[in-house]
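Dear colleague,

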Amino acid sequence: MQNVDRIDKICFDIFLIDIFFLPLFPFFSVSMSLPFLIYWFYKRGNRVHSQREYRYFPIIVVIMCLSTLISTFYPVETAYQTTFFTSFKRLLQYITSFWYFFFFKYYFDRYRVSINKVFFYALVYMALLALFYFLDRGGYADLKIILNPADNHTRRVLANEMIYRFNFLWVDPNNVAYATGAIFLTYISEEKHNLFFKVCLLFCTLFILFCTMSIGGMSITIASFMILLLLSKKTSKIRVSDFRSLIITMLVVIAVLIYVTPIIAEFLNSDIIDGLTSRIDYYESSDMSGGRKGDFLVSLSHLNPIFLFAGCGIEGFVSEIGHIYVLFMYGLPVYIYFIYVFFCPKKNIKWKRILPLLPMFVGFTINIAIIEQKFLLILLVISAYLSIPSTFDTKTFK
């Protein structure tokens, strides 16, 4: 690995810590590392100008700004009214979020580092907070509302309006589930060693997913995991060291199960299971898949030829479907750009490599998800990480 520019390295570390481990700034709901991002672009921003995605970005920004201006006079009534101030905040959120993508793609391409350790510690961190939530939901809710005052889910829980689902440091438990699945899948697909850690993370991931009570998150993560195993060329080639690690892992799991049997019994009788059961019953009894069919049908009545060029900068047409959300807000060119940056393999990258993004694609499709700032940033970090050929050793991260 070549010598790392000091400013690059400091910003890289700050961004990763902020995105994966810290809540949003409590008063303005923005990432705490945003000032450092602005500083980096002021000092080093010319280094990303050669990126293919960046070359189209100025045009995309112009279209998004035009769509935001259109929101001031566009004649429509949506499910909830979007003020110009809200539209402007969304505009800044998406523009600055793409700056993170350009930075990370530049850094991964220039220095060829691995952040598998970051994925590992992030999931362990989430699992520990999920354990806190599981053991003391009231205490976790009290702490959470301090860390994230904009968390309407926790506020409704504290008002006894709904069952409490684990939502990490964010707002929407479903988004936490989709992001958890993507982080886990990226780790196991990119980490070439440490079978023991992979198995540990599997248990952490399953526990987090159960605490979120997200049917969609659990389903797509498990399905993607099975697909990843089937496509892996090394599935049938377990080395002696891997076998030894597997045996040690099994012994540790058995020991843990012996000592935590009471906790498992409590888990099986907890309102987490009740919550999952009620959510399954809801989806089975509803022919609208949680409102998505209704979202789609209502959105058809608002289609406008203007969306082929620019959107109307207004939210509220849909509350579930991310594709329609972006298309109506900013138009078809911006929608294509979003999808390419988020979910499409970049030059010399095969589709198989970006399979870990499948949970986040589903989250975007059926839950919008990108309106959750941390979800969006993690999506962009993973997308940038998987846009560079995996030719580096996993021990290069320091």
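Below is what was found in it, starting with the chain and going on to particular residues.

Please keep in mind throughout that this is a predicted model. The chain has 18 helices and zero strands, and of its 398 residues 51% count as buried. Among the contacts between residues at least 6 apart in sequence, 76% join residues at least 24 apart.

Helix 4, which covers residues 84-111, packs with helix 18, residues 373-385, at an angle of about 30 degrees, and the two axes lie 8 Å apart. Since angles under 35 degrees count as roughly parallel, helix 4 and helix 18 are therefore roughly parallel to each other. The crossing in which helix 4 passes helix 18 is right-handed. On the side of helix 4, the residues that meet helix 18 are Gln 93, Tyr 94, Ser 97, Phe 98, Tyr 100, Phe 101, Phe 104, Lys 105 and Phe 108, while helix 18 brings Gln 373, Leu 376, Leu 377, Leu 380, Val 381, Ser 383, Ala 384 and Tyr 385 to the contact.

Next come the charged pairs. Side chains of opposite charge can pair when their charged atoms come close. The structure holds ten salt bridges, and I describe some of them here.

In one of these, the side chains of Arg 47 and Asp 8 meet with a distance of 3.0 Å from N to O. This pair links distant parts of the chain, given that Arg 47 sits in the loop between helix 2 (34-44) and helix 3 (52-70), whereas Asp 8 belongs to helix 1 (residues 6-21), 39 residues apart. Are the two partners buried or exposed? Arg 47 is partly exposed, with a relative accessible area of 28%, whereas Asp 8 is buried, at a relative accessible area of 0%. Both residues also belong to a network of salt bridges that links Asp 5, Asp 8, Arg 44 and Arg 47.

Tyr 106, a residue of helix 4, brings us back to this region from another direction. Tyr 106 and Asp 8 are 98 residues apart in sequence, and their C-alpha atoms are 9.8 Å apart in space. Leaving out residues up to four places away in sequence, Tyr 106 touches Asp 8, Trp 40, Arg 47, Val 48, Gln 51 and Tyr 111, so that both partners of the salt bridge between Arg 47 and Asp 8 are among its contacts. At 7% relative accessibility, Tyr 106 counts as buried.

Two further salt bridges can be set side by side. Lys 9 forms one with Asp 13, the closest N and O atoms being 2.7 Å apart; being four residues apart in helix 1, these two residues are separated by about one helical turn. Lys 9 counts as partly exposed at 24% relative accessibility, and Asp 13 likewise counts as partly exposed at 24%. Asp 151 forms a salt bridge with Lys 144, and here the closest N and O atoms are 2.7 Å apart. In this pair Asp 151 counts as buried at 0% relative accessibility, and Lys 144 counts as buried at 1%.

Met 213 has a phi near 55 degrees, a positive value in a residue other than glycine, and its place is in the loop between helix 9 (195-212) and helix 10 (215-231). Ile 368, which is not a glycine either, has a positive phi of about 60 degrees and lies in the loop between helix 17 (358-367) and helix 18. Met 213 is buried, with a relative accessible area of 0%, and Ile 368 is buried as well, at 3%.

Lastly, Ser 224 is found in helix 10 and is buried, with a relative accessible area of 1%. Which residues does Ser 224 contact, leaving aside its neighbours within four places in sequence? Those in contact with Ser 224 are Leu 185, Leu 355, Leu 358 and Pro 359.

Conventions:
Residues are numbered from 1 along each chain as its sequence is written. This is a predicted model: local features need pLDDT of at least 70, side-chain atom pairs count only at pLDDT 80 or more; totals for chains, interfaces and linings use all residues. Side-chain values use heavy atoms; hydrogens and water are left out. Axes are lines fitted to C-alpha atoms, for helices over the stretch in contact, and angles run from 0 to 180 degrees between N-to-C directions. Angles under 35 degrees count as roughly parallel, over 145 as roughly antiparallel, 65 to 115 as roughly perpendicular and the rest as oblique. A crossing is left-handed if the near helix is turned anticlockwise from the far one by less than a right angle, and right-handed if clockwise. Contact means heavy atoms within 4.5 Å. A salt bridge is a side-chain nitrogen of Lys or Arg within 4 Å of a carboxyl oxygen of Asp or Glu. Buried means under 20% relative accessible area, exposed over 50%, partly exposed in between (1.4 Å probe, protein chains only).
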